Amino acid sequence: MTIKECYEQIGADYEDVRSRLRSDLLIRKFFLKFPDDKSFGQLKEALKSGDREGAFRGAHTLKGVAQNLGFVPLYEAADRDGELILSHDETEEEAVRLGQVFELLKEKPAVQRCG
């Protein structure tokens, strides 16, 4: 399976990431590192401990990772969550929804097949 096919299978924006990284080898390298990303765990822990600043940093980092990889649904969810955290309107339901998007992308079979 090509890296482009992997992107298509998970609903990510391959063309956008290709325009920035310009190399399938580089895209593949970062794509395969994604399942080990710690941003969501940091966000979740910060929310649990009431650390809004830490939660915002986690959401912001996750948003950047998602944007750089072309993972549009995750980027949008992290962006929305970061704004909610800043406005103190972040709810457990929103954090759960963000986590579901993160896990869905992380656990997709395409990620393992691209390895």
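Start with helix α4, which covers residues 39–48, in what is a predicted model. Within α4, the buried residues are Ser39, Phe40, Leu43 and Ala46. Look down the helix axis and you'll find these buried residues inside an arc of 130 degrees, so they line one face of α4. The general rule behind this is simple: an α-helix has 3.6 residues a turn, so residues three or four places apart point the same way.

Now zoom in on Ser39, which sits in α4. Its relative accessible area is 2%, and because buried means under 20%, Ser39 counts as buried. What does the side chain of Ser39 make a polar contact with? The partner is the side chain of Asp37, at 2.8 Å. Leaving aside residues up to four places away in sequence, Ser39 also touches Gly58, Thr61, Leu62 and Val65.

Next, the nonpolar side of things. In soluble globular proteins, nonpolar side chains tend to be buried together. Here, the largest nonpolar core has 22 residues. Two or more residues each come from α1 (3–10), α2 (14–21), α3 (24–33), α4, α5 (52–69) and α6 (72–86). Of these, α5 gives the most to the core, with 5 residues.

Key: Residues are numbered from 1 along each chain as its sequence is written. This is a predicted model: local features need pLDDT of at least 70, side-chain atom pairs count only at pLDDT 80 or more; totals for chains, interfaces and linings use all residues. Side-chain values use heavy atoms; hydrogens and water are left out. Buried means under 20% relative accessible area, exposed over 50%, partly exposed in between (1.4 Å probe, protein chains only). Helices (H or I, at least four residues) and strands (E, at least two) are DSSP runs, numbered from the N terminus. The arc is that of the directions from the helix axis to the C-beta atoms. A nonpolar core is a set of buried Ala, Val, Leu, Ile, Met, Phe, Trp, Tyr and Cys residues joined through side-chain atoms within 4.5 Å. A polar contact is a pair of N or O atoms within 3.5 Å; within protein, one must be able to donate a hydrogen and the other to accept it, and residues adjacent in sequence count only if both atoms are side-chain atoms. Contact means heavy atoms within 4.5 Å.
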